[in-house]
Amino acid sequence: MGQARLRGTTEQRKAAAIDRQLALRPKFITCNNCQAQLTDMSPMDIAGLDGIQAAFTAHCPACGHDTYAIKGEREAVARLHMAIEDNVGAEAKAGVVPAANRPDPAA
Ligand SMILES: [Zn+2]
């Protein structure tokens, strides 16, 4: 008694988050550079990112471009998009999965 029950290690939480993300995985990401359909994508670590439901990165073997697919609340997606650009430079273009790509009627 008296021992705190851990709810899982950081690694376990991360794995659970990735599992949740995989459920939201788009069928493909369209390369922002050459419009190839990329089905090989990796989930990004979105732990601690409020409003982000899923984020994937796909590397295009045809042109070498990295395209990102980010799903979540509009503002959070924009913020992550900017963070990625800061990280990898202005050449990176974040893509958006089709489900998150609907025009906002309130805008
Ligand atoms: Zn490409």
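Before I show any pairs, one definition: two strands count as paired if DSSP finds at least two bridges between them. Keep in mind that this is a predicted model.

Let me start with strand 4 and strand 5. They pair in the antiparallel sense, over seven bridges. As one example, Ala55 stands opposite Ile70 in strand 5. The two strands form a hairpin, with six residues between them. In that turn, Gly64 has a positive phi of about 80°.

Strand 4 also has a partner in strand 3, which covers residues 41–43. Those two run antiparallel as well, and three bridges join them. Ser42, for instance, has Thr57 in strand 4 as its bridge partner.

Now the zinc ion. Which protein atoms are its donors? They are the SG atoms of Cys31, Cys34, Cys60 and Cys63, lying 2.3 Å from the zinc ion. Along the chain, these donors follow the spacing C-x2-C-x25-C-x2-C. Cys31 sits in the loop between strand 1 (29–30) and strand 2 (37–38), while Cys60 sits in the loop between strand 4 (52–59) and strand 5 (66–72), so this pair ties together parts that are 29 residues apart in sequence.

Why is the arrangement called tetrahedral? The four donor atoms subtend angles of 103 to 119° around the zinc ion, and the rule asks for all angles to lie between 85 and 135 degrees.

Last, are Cys31 and Cys60 buried or exposed? The cut-off for buried is under 20% relative accessible area. Cys31 has 0% relative accessibility, so Cys31 counts as buried. Cys60 is at 1%, and is therefore buried too.

Terms used. Residues numbered from 1 in each chain as written. Predicted model: local features only at pLDDT ≥ 70, side-chain atom pairs only at ≥ 80, totals over all residues. Heavy atoms only, no water. Donors = N, O, S within 2.8 Å, 3.2 Å for Na, K, Ca; no water. Tetrahedral: all angles 85-135°; square planar, octahedral: opposite > 155°, others 65-115°. Helix = DSSP H or I, 4+ residues; strand = E, 2+ residues; numbered from the N terminus. Buried < 20%, exposed > 50% of the residue type's maximum accessible area, 1.4 Å probe, protein only.
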